[in-house]
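This note is meant for a colleague who is meeting the structure for the first time. The points below may be read alongside the sequence and the model.

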Amino acid sequence: MISEEAISRIRFFVGIAAENNSAVSVAELIKLLPDCSPLSANELSRALELQTPEFAAVEGFVTYRNRVDLVHESKLKMEYSKKRIEKVRHFVQAHNTLFRNALVVAVTGSTSYFSSEPTDDLDLLIVTHDGKLWVTLLSLLIYLRARKLFAPLLGNFPDYCLSLNFTKNGFRRFLEDSGNPLTARELINLRTVRGANLVAEAVSRCEWIVKYYPRIPLGQKADMDTNVGAHPAISERLTYALLASYLKFVASIRNFLFLANGVTERVFTVLENSEMLMYESIKYDSLKQRYIEFFHDEEPRKRYKHEYA
């Protein structure tokens, strides 16, 4: 038997997945339950049959009994997502010059949940040495856009999206201020291709993750280096001033086109300062609010560029 609170969570996560035409793996669902009592995949499947007739556990996935077709779809998405993650790993290894200042490169978004489709962007989280974020982003953006331009000659190339970008100090501060259940789940599901030790070190300090998901082992708490690197060079400061302005200008044009075409949920905000660059869409913000409301949480409404300025 599983608790009513656990059943409530299962309903929430299965519902979110179904809205995105996916099912939830039994293994992940167990990690997201609200207590630490031992529970095997078979025990969860059996409990669902007895306590929640609206759900079905099929081939390692949980979905609505009348949507078992999502299981096959989810298995295909999982295989596709794993291939995308390997492509990112090979891309980073093959372009060491581009990533020479990157301490962490990780896949996030739908691919990290093993639920991506060919039309989805391939979202990345990047953490650089302090004082090297914006020069790194400039090099990456130039390369990615040039590579996409020459795709007809060089072959198809994934639509990389530099969704979450920080200096090492900016990443630490982001984690300190981001105690909400959606961010917690995203951190749990990060697929790190470089810097796994640094990510584990940083996440081990996020005790707020266990507040939402007590089954997640954070490991031994590490003393993350909090020393800020050297003052950014003039090239970094100049690149930040110019590139941040350019990206916000491009965002305003794209948002105008989204609104003109009635695609309101894709409208996004650029959050930036000298230590970070983030993109947050209306769709993502709405999902975050649903998580917060479900977990009966309250998140301080902070704008990071003001907090860190």
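1. The model is predicted. Asn21 has a positive phi of about 55° and is not a glycine. Most residues other than glycine have a negative phi. Asn21 counts as partly exposed because its relative accessibility is 40%.

2. A second residue with a positive phi is Phe114, where the value is near 60° in a residue other than glycine. Phe114 belongs to the loop between strand 4 (102-107) and strand 5 (122-128).

3. The largest nonpolar core contains 52 residues. Those with the most contacts inside this core are Ile10, Leu44, Leu125, Phe171, Ile209 and Tyr213. Helix 1 (residues 4-19) supplies the largest share of the core, with 8 residues.

4. Which residues does Ile209 touch, leaving aside those up to four places away in sequence? They are Ala184, Leu187, Ile188, Val203, Ile216 and Leu218. A second, separate core has 37 residues, including Phe99, Val107, Leu144 and Phe268.

5. Helix 1 also packs against helix 12 (residues 282-294): their axes come within 12 Å and cross at roughly 170°. Helix 1 is therefore roughly antiparallel to helix 12.

6. In this contact, helix 1 contributes Ser8, Arg9, Phe12, Phe13, Ile16 and Glu19, while helix 12 contributes Leu287, Arg290, Tyr291 and Phe294. By type, the residues of the contact are 6 nonpolar, 1 polar and 3 charged.

How values were computed:
Residues are numbered from 1 along each chain as its sequence is written. This is a predicted model: local features need pLDDT of at least 70, side-chain atom pairs count only at pLDDT 80 or more; totals for chains, interfaces and linings use all residues. Side-chain values use heavy atoms; hydrogens and water are left out. A nonpolar core is a set of buried Ala, Val, Leu, Ile, Met, Phe, Trp, Tyr and Cys residues joined through side-chain atoms within 4.5 Å. Buried means under 20% relative accessible area, exposed over 50%, partly exposed in between (1.4 Å probe, protein chains only). Helices (H or I, at least four residues) and strands (E, at least two) are DSSP runs, numbered from the N terminus. Contact means heavy atoms within 4.5 Å. Axes are lines fitted to C-alpha atoms, for helices over the stretch in contact, and angles run from 0 to 180 degrees between N-to-C directions. Angles under 35 degrees count as roughly parallel, over 145 as roughly antiparallel, 65 to 115 as roughly perpendicular and the rest as oblique. Ala, Val, Leu, Ile, Met, Phe, Trp, Tyr, Cys and Pro count as nonpolar, Asp, Glu, Lys and Arg as charged, and the others, Gly among them, as polar.
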